[in-house]
Structures are given as C-alpha cells and as structure tokens.
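Trainee: Could you walk me through the charged pairs in this structure? I would like to learn how to read them.

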Amino acid sequence: MSAPKPNDKGAEHYETTAQQVSSNLDEKYATGNVVQVQAASVALAAAVAAQKPSLWSKSMLQLYFIMGVGYLVSTMNGFDSSLMGSINAMDPYLKTFKMESAGASTGLVFIIYNLGQIAAFPFCGFLADGYGRRICIFVGCAIVLIGTAVQASAHEKPQFMGGRFVLGFGAALASAAGPAYTVELAHPAYRGTMAGMYNNFWWLGNILAGWTTYGSNKNLTSSWAWRIPTLVQAGLPSVVMVLILFFPESPRWLIAHDRREEALAIFAKYHGEGDENSPVVQLQYHEVIDNLHATKDDNPWWDFRELVNTRAARYRLYMVIGMSFFGQWSGNNVVSYFMPAMIENAGIKSKNKQLLINAINPIFSMMGAIYGATLLDKLGRRFMMLAGLGGALFSYILLTAFTAESEKNASLSYGVIVSIFLFGIIFAWGFTPLQTLYAVECLENRTRAKGSGLNFLFLNVAMVVNTYGISVGIKAIGWKLYIVYIGWICIEIATIYFFFVETAGKTLEEMTEIFNADNPRKESTKKTKVDIDETGRVVGVEA
C-alpha cells in the first residue's frame with residue numbers, strides 16, 4: 001500500500017506540539033487563566049489540552065463498545081478459574097471421574113488447562129503479528145469452542161483433560177492478542193481506565209461460572225450438574241468470535257504493515273472526532289511511525305531474541321515476568337481455585353453454602369476492580385500495585401489467624417469468610433486492572449504480541465507450580481500454607497517499590513525513553529509542571 005498523502009496541517013500540529021514542549025514560554029503570552037498540571041508527558045498533556053476529548057461523543061461510544069467486546073476475551077480464564085473450583089466441590093463431578101476434592105490428581109486436572117496455554121505460546125506471535133490482533137482472537141475463540149465440546153461430553157477423565165488442554169490452548173491465543181488490541185485502541189488520555197478494564201472482566205467470567213454452578217448443583221443431581229456450567233463456558237467466546245472481525249484492526253499493527261492511511265483514519269475516528277489533524281491523532285501517528293523507524297527489526301515470528309538483545313529490552317522483560325508471577329503468587333489463586341476447600345477448612349461443610357459464598361465473592365471483587373481501574377491514571381500504576389498488595393497482606397494475616405482459631409471456636413469461621421472477601425476486594429482494586437495492562441504497556445509496539453505471548457507463558461508456568469502446589473499443600477498442611485503467602489507478598493512489595501517503572505500519563509511510544517535511562521524506575525517517576533492557558537496552549541514548562 002502507498003504511503004498516506006502529505007498532511008501539511010497535521011505536520012504543523014505535530015511541530016507546534018514539539019515546539020511547545022521543548023521550551024519554557026513566558027506566561028505574559030497566555031490567553032485567559034493559566035492552569036498548572038503535573039504531567040508525566042508534556043507532549044500528551046499539550047495535545048489533550050488543545051483538543052479535550054468528549055467522553056460521550058458518538059465515536060467514543062463506538063470505541064467503548066469495541067473495547068467492551070474485547071474485554072470479553074478476559075472472561076475465559078476467569079470462568080475456568082471459578083468453574084473448576086466449583087465443580088470440584090460437586091459430588092456428581094467427583095463421582096463421574098472417581099476423584100477427591102484435593103490432592104495430586106485434582107491438581108493435575110486443574111493445571112492441564114495451563115499446560116494447554118503454555119503449548120500455545122509459540123503460535124501467539126505468529127498469528128497476532130503476522131495476521132493481526134483480530135484474527136488471533138478469532139482463532140483462539142474458535143478453538144475454545146472445540147475444547148468446550150470435548151470437555152462437556154466427557155465420561156472418562158482422559159477426555160475431560162484433553163478438552164481442558166484444547167480449551168487452554170485456544171484461550172491463550174485469544175488472551176495474547178486481547179490485551180494488545182485493547183491497549184493499542186484505547187484513547188491515550190484514558191488508557192489506564194479503558195485498557196485496565198480488560199482484566200476486570202476476568203471477574204465477569206468468574207461470576208457467571210459461580211452462579212451457573214450454584215444453580216445447577218442446587219437443582220440437579222446427575223452429571224448435568226457440572227456439564228451445563230461447562231457448556232456455558234462457550235457463550236462469551238462465541239460472542240467475541242462473531243463480532244471481532246467487524247471491528248477495526250489495531251492502528252499500530254496497521255502502521256507496522258505499511259497500511260498507514262487505514263491507521264490514520266482509525267486514530268482520527270476514535271481519538272480525534274474524525275479530524276485527522278487533531279493534535280492527539282497527529283502526536284500518536286507520528287510517534288508510532290518514528291518508533292517504527294527507530295526500532296524496526298524484521299525478525300521472524302519464531303525469533304524471540306529481540307526481547308533480550310538490549311539492556312532496555314531485558315528491563316522490559318523483567319517487568320513482564322514480574323507481573324506474570326506476582327499476579328499469580330499473591331494468594332489470589334488459593335481463593336480462586338480452592339475457595340470451597342478453604343471454607344470447608346474453616347468448618348462450613350454444606351456444599352450449597354460453599355458454592356453460594358463462592359458465587360457471591362467475585363461480585364464484590366469485580367466492583368473493587370472497576371473502581372480501581374478508574375483511579376489508575378490519577379494515582380499511578382505503582383501506587384495501586386503497592387496499595388493492593390499491602391491490603392492483600394493485611395487480609396492474609398487475618399485469614400491465617402481466623403482459620404487457625406476456628407478449629408477451636410466454630411463461630412470464627414465467619415471471620416474467615418470476611419477475610420476472603422476483604423482480600424478479594426482489595427487485591428482486585430489495586431492489582432487486577434494491571435495484571436495484563438502493565439505488561440503490554442511495558443512492551444514495544446513491535447514486540448507486544450511476542451511479549452504478550454511470553455507473558456502468558458510465564459503466567460501459566462506460575463499457575464501450574466502454584467495450583468498444583470496449593471492442591472497438595474492444602475491437603476497436607478491446611479491453613480499453615482497461608483503463612484508462605486504472607487512472606488512472599490512482602491518480597492513482592494519490596495521488588496515493586498525499588499524496580500517497577502511508572503507507565504501512567506505517557507504514550508506507549510514514550511516508554512522507550514524511560515527504559516533507555518540509566519535508572520528506568522527513577523526516570524519514570526519524574527513529573528514536569530506544565531502551565532496551560534484557556535486555549536489549551538502550553539505557556540510554561542518547569543521540570
């Protein structure tokens with residue numbers, strides 16, 4: 001495809017923005033009142049001030065719908081998490097496959113889903129980079145439907161496990177492209193909320209699975225008690241598969257494949273109210289092109305050396321790996337997969353009551369996660385992670401104490417439930433919106449799909465170790481396992497404080513300067529005071 005026609009007016013906007021942010025201007029030239037803001041990116045602050053986006057315009061409403069369908073990709077992993085924890089407490093399921101609710105064999109059935117996700121890793125970059133984010137999501141959802149059919153029709157454990165492997169394989173493909181698609185389409189002024197909401201829909205899948213299993217277990221005694229929730233697992237991926245190909249492709253992917261006119265049109269429609277000369281549109285468009293020219297590398301899809309071949313690339317990868325493990329080893333997997341077993345350890349033996357509590361808990365967690373996503377741009381990524389883990393640490397200390405004492409005093413078992421709910425709300429508030437957002441923000445445009453695939457590889461390695469270990473650990477030492485998580489959360493907090501970078505308030509392309517700095521964490525936390533007059537013109541910059 002040919003390059004887009006020269007746009008003198010757009011270039012003028014871009015150059016004007018660059019001039020505004022490169023020098024301090026005297027406020028005597030200001031028009032009207034001058035407002036001072038703390039900005040991580042002066043260029044973005046100037047562009048947004050020059051043309052403030054309307055949150056309820058037609059194009060923004062269309063963007064919300066597109067993002068909303070993209071969010072549904074995240075429900076797949078949330079659904080499976082609650083589904084397996086719930087049907088594992090059902091007598092018809094245990095009877096069908098002659099299993100116990102805890103132990104090594106149970107852990108193996110759980111982690112086969114994660115092994116399928118690990119197996120998908122080499123193909124994530126191939127599809128998402130080679131054929132586009134939408135195609136990768138479409139193929140992943142189609143494979144999920146196949147896996148669901150195999151799993152739901154199983155009468156023997158090998159077939160059930162085979163279905164879970166296929167299901168995990170498809171979910172990984174869709175999940176590798178889903179976060180990249182949403183973060184690359186999000187408006188830069190609201191990227192934290194718009195892209196952070198992606199992982200919050202993990203809880204929607206969790207809620208749907210929780211209430212489906214509660215209803216089926218309460219009303220059915222045959223194997224359909226677990227087969228119906230398993231079939232429901234295909235519902236939301238079907239919606240995504242039907243709609244995704246009607247939506248625009250990621251403009252950053254289009255630019256990387258020399259389809260610049262299409263990319264500019266998408267930026268203009270969804271970020272500039274249809275105006276190709278909008279400062280926000282021109283800033284992003286030129287930054288993406290400049291970044292592509294500076295970092296272009298024709299590595300084939302199977303070559304992952306570009307993720308580690310420079311110091312900056314390695315630091316980016318450390319952030320991705322850190323989020324992969326911290327997002328799974330903070331005690332949340334214990335609650336997600338083994339909540340009924342935790343409640344039983346606390347003395348509540350009724351299966352229906354266990355499943356009811358399991359169904360109610362994610363509703364509160366999702367509320368916390370949604371509120372947290374709205375604060376990401378205001379409070380910053382680092383603060384939210386540290387606050388979320390601080391609350392998780394407090395909750396786990398309460399959980400350990402209440403569970404230990406409930407063996408002697410049964411009334412304290414309700415303290416266990418309160419602790420579980422408190423953990424879910426606080427962790428979801430501070431950490432859930434960032435579990436996928438932070439990793440894709442840290443990655444470059446050209447490595448985002450490969451890096452996202454690698455993120456899910458490490459994430460699933462963490463889950464395999466964690467989930468299998470929890471299954472064995474809960475059976476062997478019960479509540480004492482929680483003490484391990486208390487110590488580990490302390491290590492996570494220290495690591496994030498000293499090493500993790502701040503990504504809020506910057507365009508995706510501006511992260512290059514951060515990671516090229518001698519101390520990326522220190523560089524990322526710098527703020528610049530920007531004076532903006534009533535016309536949206538920058539009239540003063542103070543570092």
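Mentor: Gladly! A salt bridge is a side-chain nitrogen of Lys or Arg within 4 Å of a carboxyl oxygen of Asp or Glu. Keep in mind that this is a predicted model. Here, Asp129, Arg133, Glu184 and Arg448 are joined in a network of such bridges.

Trainee: How many salt bridges does a search of the whole structure find?

Mentor: The search finds 14. Let's look at some of them, beginning with a pair from the network.

Trainee: How far apart are the closest N and O atoms of Arg133 and Glu184?

Mentor: They are 2.9 Å apart. Arg133 belongs to helix H7 (residues 133–152) and Glu184 to helix H8 (residues 157–185), so this pair links distant parts of the chain, 51 residues apart.

Trainee: Are Arg133 and Glu184 buried or exposed?

Mentor: The term "buried" applies to residues under 20% relative accessible area. Both Arg133 and Glu184 are buried.

Trainee: What about the neighbouring topic, Arg134: which residue forms a salt bridge with it?

Mentor: That is Glu249, with the closest N and O atoms 3.4 Å apart. Glu249 sits in the loop between helix H11 (235–243) and helix H12 (251–256), while Arg134 is in helix H7, so the bridge ties together parts 115 residues apart in sequence. Glu249 and Arg134 are both buried.

Trainee: And where in the chain are Arg191 and Glu441?

Mentor: Arg191 is in helix H9 (residues 191–219) and Glu441 in helix H20, 250 residues apart. Their side chains meet in a salt bridge of 2.8 Å, N to O.

Trainee: Why do Arg191 and Glu441 count as buried?

Mentor: Compare each value with the cut-off of 20%. Arg191 has a relative accessible area of 4%, so it is buried. Glu441 is at 0% relative accessibility and therefore counts as buried too.

Trainee: Let's turn to helix packing. At what angle do H18 and H20 pack?

Mentor: Helix H18 (residues 381–406) and helix H20 (residues 434–442) pack at about 145°, and their axes are 12 Å apart. The crossing of H18 past H20 is left-handed.

Trainee: Which residues make that contact?

Mentor: H18 contributes Arg381, Met384 and Met385, and H20 contributes Leu434, Leu437, Tyr438 and Glu441. By class, these residues are five nonpolar, no polar and two charged.

Technical notes
Residues are numbered from 1 along each chain as its sequence is written. This is a predicted model: local features need pLDDT of at least 70, side-chain atom pairs count only at pLDDT 80 or more; totals for chains, interfaces and linings use all residues. Side-chain values use heavy atoms; hydrogens and water are left out. Axes are lines fitted to C-alpha atoms, for helices over the stretch in contact, and angles run from 0 to 180 degrees between N-to-C directions. Helices (H or I, at least four residues) and strands (E, at least two) are DSSP runs, numbered from the N terminus. A crossing is left-handed if the near helix is turned anticlockwise from the far one by less than a right angle, and right-handed if clockwise. Contact means heavy atoms within 4.5 Å. Ala, Val, Leu, Ile, Met, Phe, Trp, Tyr, Cys and Pro count as nonpolar, Asp, Glu, Lys and Arg as charged, and the others, Gly among them, as polar. Buried means under 20% relative accessible area, exposed over 50%, partly exposed in between (1.4 Å probe, protein chains only).
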